[in-house]
2 protein chains.
Amino acid sequence: MHSGKQNFDLNQYIKGILSGDRATLSRAITLRESTLSEHKLLSEKLLKSLIKHTGNSIRIGVTGIPGAGKSTFIDVFGSYLIEKFNKKVAVLAVDPSSNENQGSILGDKTRMERLSRQKSAFIRPSPNKTILGGVNQYTRESMLFCEAAGYDIILIETVGVGQSEAKVHDMVDFLMMLQIVGGGDDLQAIKKGIYEKIDLILIHKADQNNKIEAEIEKVNFFKNFALFPKRDSGWHPRAQTCSSIEKTGISEVWNTIAEFEKITRENDSFFKNRKSQNSVWFHHLVANKIQDFITNQSDLKIEIKNLQKRIQNDEINSIEASERITETLKKIFGQV
Amino acid sequence: MHSGKQNFDLNQYIKGILSGDRATLSRAITLRESTLSEHKLLSEKLLKSLIKHTGNSIRIGVTGIPGAGKSTFIDVFGSYLIEKFNKKVAVLAVDPSSNENQGSILGDKTRMERLSRQKSAFIRPSPNKTILGGVNQYTRESMLFCEAAGYDIILIETVGVGQSEAKVHDMVDFLMMLQIVGGGDDLQAIKKGIYEKIDLILIHKADQNNKIEAEIEKVNFFKNFALFPKRDSGWHPRAQTCSSIEKTGISEVWNTIAEFEKITRENDSFFKNRKSQNSVWFHHLVANKIQDFITNQSDLKIEIKNLQKRIQNDEINSIEASERITETLKKIFGQV
């Protein structure tokens, strides 16, 4: 990505990010996503140096099925926050359909045309093809870099049903789901498990002839929500309507988030949630550390490569081969 | 799950599965999903004993967004295969919305009402809440158990866009995506990355007033597919229409799959694909082995627990805590 560019040292990264330089921010995220061990080491130092400058944003997840209009909404909503409140808005956009091509960067820029022209906006499309679509540890760490660079609104866009919600729920303060008017079939899929993670259902595209139907759906959502017990956070999920084209319901979304923040900060559930999210993050970091530690053992690397070859030659099956790995682990590390 | 039941030994599992007993099959899948190390050990032995009886099915992935009618299609399609060709059909159904509740088992049964009454059908809803929604290693291993039990058609149902397709693509022979008539917005999301994984786009709900529109969409898909280079497998993706309610287009789906199987078996890409899928599986198995080996070290367990506590008490941040893990790994295993 930055071939031909001079390598940055730790201080250049720190200085660049803390001064809010978007190019450095972008480079730091790329560095963190790198699989090279020197990059890992440097990016970890960077994270450690910056962590005291993080946490000062409201972290918002925006989810919904393809076609729900997430990008359009983020374009309008982000621009509104910048123009009206002088906020700095970072968007971590996930585009799971781009696993196998690199075409999404331009795509995301043009999908959020208005926002991408704002000086106070930073739009980062999803990482490279090695990461399967949704959010992951790097999304969380990208978010921390954005916070250190002074962004006070972080919008994490994610696609899908179930998997993505669970993961993004582990890293945001507030999770909203966009729903299209008349997408009734989707309701079957939105069962208890997802409901419990969503703070706001936003019935999108509530414009033109859709307005009345959108209002009816809103009421239905409220009825459904009423069936669920009150959450420990004191927040009860809501449903609202919104049109990004007609720009209606936009400020109301912000009002709801602000109210959520006020309530949960006052009763401390805001920080309780962030703390428990830190545990999840730690868990991922540990898994990585272990994986790195082990797979750096050259004996094991060679063994894995050999076994891969033997599987391809039908000399051994995968399950037998995996047993050999346990043997090799014992041989390398001894029976601890 | 089988509390109160007598524990099966390896031979009982083998005998039960090879005789096609559905209760034993179901129990074996539960055993494999267990996190208890004795269950892991037993299920691995079972897999190893059964592996020579696997591989004799056609493995079909059925994907599409919520509301596309996947369950309804599988209900009709599976019943057709049983009634017309005397096939044995196993359905591994994924219900990502049920992460937090256990209510999906009945749900899946009733969603596939006709199929669930068939003696030659086996329907297994998605695993428990520890597995995030989509398909995973256990789905592949469940599939192997089903094959050993004599099922010759395996249907893997999965929801979502991007993530799930990539994962299910790593374990099936043939991947179809259900698309609703008029779901035009979804097309934007189906970019090159997903196209490249799909063997058949099935335009579903092509009934009543939708028929003409469905035909138009089919032609559009063909036009899109024409833009892509021919695959190494010799297969060029297709688009077809289908109605599960009117039962039209069902036999045509089977004809396409049969043709796919014939072509890819003749040019050997069928087995090449399965071999490269075995490598992916091995990769997952290795990751598990390493994780198991390491986390069974009690010193490390204690250290992780302590650090979790200190993170909760704000005495240390996650990134610093994860560095301690590397130190502990070095202390336990030495600088190998």
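The model is predicted: local features need pLDDT of at least 70, side-chain atom pairs count only at pLDDT 80 or more, and totals for chains, interfaces and linings use all residues. Residues are numbered from 1 along each chain as its sequence is written, while chains are lettered from A and ligands numbered from 1 in the order in which they are written.

**Chain A overall**

- Chain A holds 15 helices and seven strands, taken as DSSP runs numbered from the N terminus (helices: H or I, at least four residues; strands: E, at least two).
- Among contacts in chain A with a separation of 6 or more, 74% link residues 24 or more positions apart; a contact requires C-beta atoms, placed from the backbone, within 7 Å.

**The sheet of chain A**

- Seven strands form an open sheet with parallel pairing, in the order β3-β2-β4-β1-β5-β6-β7; two strands pair if DSSP finds at least two bridges between them.
- At the edges stand β3 (121–125) and β7 (238–241) of chain A, each with a single partner strand, so one side of each has no neighbour in the sheet.
- From one strand to the next, the twist averages 20 degrees; axes are lines fitted to C-alpha atoms, for helices over the stretch in contact, and angles run from 0 to 180 degrees between N-to-C directions.
- Strand β6 (residues 200–204) of chain A runs parallel to β7(A) and is joined to it by four bridges; L200(A) has R238(A) in β7(A) as its bridge partner.
- Helix α11 (residues 211–226) of chain A packs on the sheet against β6 and β7 of chain A, its direction making about 175 degrees with that of β7(A).

- Helices α13(A) and α13(B), each residues 269–295, pack at about 100 degrees with axes 10 Å apart.
- The two helices are therefore roughly perpendicular, a label for angles of 65 to 115 degrees (under 35 is roughly parallel, over 145 roughly antiparallel, the rest oblique).
- I290(A), Q291(A) and I294(A) meet I290(B), Q291(B) and I294(B).

**K218(B)**

- K218(B) lies in helix α11 (residues 211–226) of chain B and counts as buried because it has 20 C-beta neighbours inside 10 Å.
- Leaving aside neighbours within four places in sequence, K218(B) contacts I203(B), A239(B), Q240(B) and T241(B).
- K218(B) and I203(B) are 15 residues apart in sequence and 7.1 Å apart in space, C-alpha to C-alpha.

Note on methods:
Two residues are in contact if their C-beta atoms, placed from the backbone, lie within 7 Å. A residue is buried if 20 or more other C-beta atoms lie within 10 Å of its own, exposed if 12 or fewer, and partly exposed in between; C-beta atoms are placed from the backbone.
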